[in-house]
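Please view the sequence and structure below before reading on.

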Number of protein chains: 2
Amino acid sequence: MERKRSDIIADQLEELIFNGTFGNGERLDEVQLSARFGVSRTPVREALLRLAQSGLVEHFPRRGVFVRQPGPIELIEMFEVMAELEATCARFAASRISDRAVSELNETNRRCHAAVEAGDADLYYRENEKFHAILYKESGNSFLEQECLRLQRRLQPFRRTQLRLRGRLKQSMQEHEQIVAALGQGDGSHAAEVMRGHVAVQGEKFHHLMASLKTAAA
Amino acid sequence: MERKRSDIIADQLEELIFNGTFGNGERLDEVQLSARFGVSRTPVREALLRLAQSGLVEHFPRRGVFVRQPGPIELIEMFEVMAELEATCARFAASRISDRAVSELNETNRRCHAAVEAGDADLYYRENEKFHAILYKESGNSFLEQECLRLQRRLQPFRRTQLRLRGRLKQSMQEHEQIVAALGQGDGSHAAEVMRGHVAVQGEKFHHLMASLKTAAA
DNA sequence: ATTTTGCATCTTGTATACAAAAACATTGAC
DNA sequence: GTCAATGTTTTTGTATACAAGATGCAAAAT
């Protein structure tokens with residue numbers, strides 16, 4: 001299945017916004033981007049419309065599109081929702097999860113733990129993401145799974161910065177293990193509660209990092 | 001603020017899909033639609049891309065776009081998520097809601113009740129929607145509010161059919177009142193619990209109506 | 001000096017033209 | 001008669017051309 005140029009451009013633009021090449025409020029000019037990517041305006045335009053729908057940029061008809069980084073308040077709100085969605089996944093999963101998936105979660109946690117010991121933040125990040133992805137799937141609700149993946153993807157660039165808080169890693173691992181334990185016992189409300197705190201803390205502690213972000217004022 | 005033709009077309013196509021003019025799996029031809037709306041392919045194309053992102057149609061590159069009505073399983077999943085999101089709204093609202101909003105909810109419930117008495121299903125529908133919209137806002141989380149509105153909008157055509165179940169109306173009203181009472185007492189978990197059931201029942205009872213839907217088999 | 005109005009320019013939105021890939025049908029081989 | 005190969009046709013994806021609204025500046029009026 002061959003992808004369209006416009007999709008590739010959308011992904012690239014997304015990355016450029018995530019890594020801060022295009023700052024908040026910056027205008028994205030169609031012709032400029034066309035030249036940059038060596039294509040005509042059409043695919044660039046389709047890419048911009050896609051980004052506008054996913055909320056990464058704002059589109060003012062006849063005026064242009066502007067980068068729209070979420071401000072601190074919106075980020076906290078998004079983390080709050082993420083926490084609720086993941087808690088829901090955990091609660092659902094408690095009654096629906098397979099033994100196969102439980103051991104898979106344990107496996108992932110083991111690798112995650114090893115990554116912490118080795119100080120391999122990148123590996124930790126990948127395995128951590130996998131842990132959460134498994135839980136989404138084991139919620140037994142594909143729609144919920146997709147929504148979680150969508151929001152996780154949007155929060156990804158802000159979540160990454162969290163990992164630099166050294167002390168948090170070990171606590172995070174303990175929470176993972178608590179979640180798996182609760183799931184193994186079929187204790188949905190406990191799994192949900194731990195998961196909620198596990199994710200929400202990222203949003204609550206987030207303001208500690210606000211100084212290091214360019215998106216200080218909305 | 002003048003809207004674009006492509007946006008207008010997207011809305012019209014959405015409506016045509018909702019009301020079943022375009023059945024599930026049907027192919028949406030760009031040139032055909034261009035002729036139908038009296039415009040060129042460009043705005044039609046942009047509209048289709050927008051619908052594809054919102055999940056109403058599926059876009060296969062170089063092959064075309066096809067109507068993608070959610071099947072019964074996906075619908076139940078979506079209602080399940082809607083129930084969780086609204087329950088979250090209720091729980092948040094319990095600690096954040098203003099007295100002003102509480103009386104507004106009571107007002108809306110009163111009009112809702114009157115609509116039931118008068119047998120005015122349409123008015124009931126509008127006031128019911130307002131009730132929920134107020135709760136979204138009073139969650140104090142704008143992002144959550146927007147997500148709820150988005151999903152509600154998507155489920156709207158399937159929710160409407162629920163109202164024909166006569167017996168459900170009165171019970172639904174009682175639930176509304178229970179929710180407001182719980183909110184007034186600041187009992188978030190109870191408000192959430194009632195709300196969850198209030199919304200979820202639409203999904204659970206949904207299969208009773210499956211026969212009347214064209215989207216029987218995925 | 002400040003505001004307002006008209007013009008020039010720029011940018012977006014839409015139409016059309018072209019390229020390439022996929023669907024389709026026809027024809028030929030087995 | 002079925003299946004495969006090839007050529008034709010249709011349809012999407014991209015480029016370009018055109019139309020119209022938005023922005024900015026300058027000049028004139030208050």
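The points below cover the contacts with DNA and then those between the chains.

This is a predicted model, in which local features need pLDDT of at least 70, side-chain atom pairs count only at pLDDT 80 or more, and totals for chains, interfaces and linings use all residues. Residues are numbered from 1 along each chain as its sequence is written, chains are lettered from A and ligands numbered from 1 in the order in which they are written, and side-chain values use heavy atoms, without hydrogens and water.

**DNA strand D**

- DNA strand D is surrounded by 19 residues, counted as near if one of their heavy atoms lies within 4 Å of the strand; A:Arg5 and A:Ser40 are among the closest.

**Interface of chains A and B**

- In chain A, 32 residues are in contact with 32 residues of chain B, contact meaning heavy atoms within 4.5 Å.
- The rule finds 8 salt bridges across this interface, each a side-chain nitrogen of Lys or Arg within 4 Å of a carboxyl oxygen of Asp or Glu.
- One of the salt bridges joins B:Glu84 and A:Arg91, with the closest N and O atoms 2.5 Å apart.
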